[in-house]
Amino acid sequence: MVRICIYMGSREGRDASFRHAAEALGRCIAQRGWGLVYGGARVGLMGAVADAALREGGEVIGVIPHHLVEREMAHEGLTRLLRVDDMHARKAAMAEHADAFIAMPGGIGTLEELFETWTWQYLGLHDKPIGVLDVSGFYRPLLDFLDHTVAHGFLNPETRARLVAAADPDQLLDCLMAAQHASPTAS
């Protein structure tokens with residue numbers, strides 16, 4: 001089974017399109033017969049994506065550190081909820097269970113997870129595809145900045161090209177699978 005790890009906010013943000021996109025992404029993943037891996041909360045975009053996948057009969061694995069069980073309100077209705085010791089263990093467990101990664105709108109935690117996963121890919125620690133769901137242009141400034149880093153010689157174009165982006169959940173999932181099959185280590 002293909003499993004998609006999603007990084008996103010434990011808040012909903014100020015634009016209703018963020019929640020709608022989270023729900024659409026959860027549905028799309030489940031309708032494809034794939035699994036969802038995420039941070040294990042029942043609030044914000046995290047809860048929206050999990051609940052949407054569950055309503056469609058999808059497998060949902062949540063990973064949450066003990067210290068966030070109350071703060072992020074752990075989702076007890078998942079297929080599996082893994083409780084881990086800390087944030088490092090959370091990210092490692094999420095990566096271990098995933099075949100690809102998506103960042104949705106979120107704050108510093110989401111950005112940190114995205115960049116760490118992308119760095120791990122760059123360093124050859126995994127070769128799983130990574131993308132951003134650019135809901136309502138949320139990631140456009142970041143994508144422009146990354147192109148700026150390429151123009152200034154701090155990021156090579158090949159590495160930049162490995163971070164895919166789309167505004168539509170189905171299109172992004174298709175891009176990730178195409179990237180996975182194009183990967184030199186894909187079987």
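This is a short chat about a predicted model of one protein.

User: What does the secondary structure of the protein come to?
Analyst: The model is predicted, and it has seven helices and seven strands.

User: In what order do the elements run from the N terminus?
Analyst: Starting at the N terminus, the order is β-α-β-α-β-β-α-β-α-β-α-α-β-α.

User: What about overall size, say the box the C-alpha atoms fill?
Analyst: Along the principal axes, the C-alpha atoms take up a box of roughly 45 × 35 × 30 Å.

User: And how does the radius of gyration sit against a compact globule?
Analyst: The protein has 15 Å. A compact globule with 187 residues would be near 16 Å, so the two agree.

User: How many of the contacts between residues at least 6 apart join residues at least 24 apart?
Analyst: Of those contacts, 70% join residues at least 24 apart in sequence.

User: Switching to burial. What share of the residues is buried?
Analyst: Buried residues account for 50% of the 187.

User: Which residues make the nonpolar surface patch?
Analyst: Tyr-122, Leu-123 and Leu-125 make the patch, which covers about 380 Å².

User: Where does Tyr-122 lie?
Analyst: Tyr-122 is in helix H4, which spans residues 108-122.

User: Is Tyr-122 buried or exposed, and why?
Analyst: Tyr-122 counts as exposed because its relative accessible area is 55%, and the cut-off for exposed is over 50%.

Note on methods. Residues are numbered from 1 along each chain as its sequence is written. This is a predicted model: local features need pLDDT of at least 70, side-chain atom pairs count only at pLDDT 80 or more; totals for chains, interfaces and linings use all residues. Side-chain values use heavy atoms; hydrogens and water are left out. Patches are made of residues with over 30% relative accessible area and no salt bridge: like charges are joined within 9 Å, nonpolar side chains (Val, Leu, Ile, Met, Phe, Trp, Tyr) within 5 Å. Accessible areas come from the Shrake-Rupley method with a 1.4 Å probe; for residues, only the protein chains shown count as cover. A salt bridge is a side-chain nitrogen of Lys or Arg within 4 Å of a carboxyl oxygen of Asp or Glu. Helices (H or I, at least four residues) and strands (E, at least two) are DSSP runs, numbered from the N terminus. Buried means under 20% relative accessible area, exposed over 50%, partly exposed in between (1.4 Å probe, protein chains only). The radius of gyration is taken over C-alpha atoms; the globule rule is 2.2 Å times the number of residues to the power 0.38. Contact means heavy atoms within 4.5 Å.
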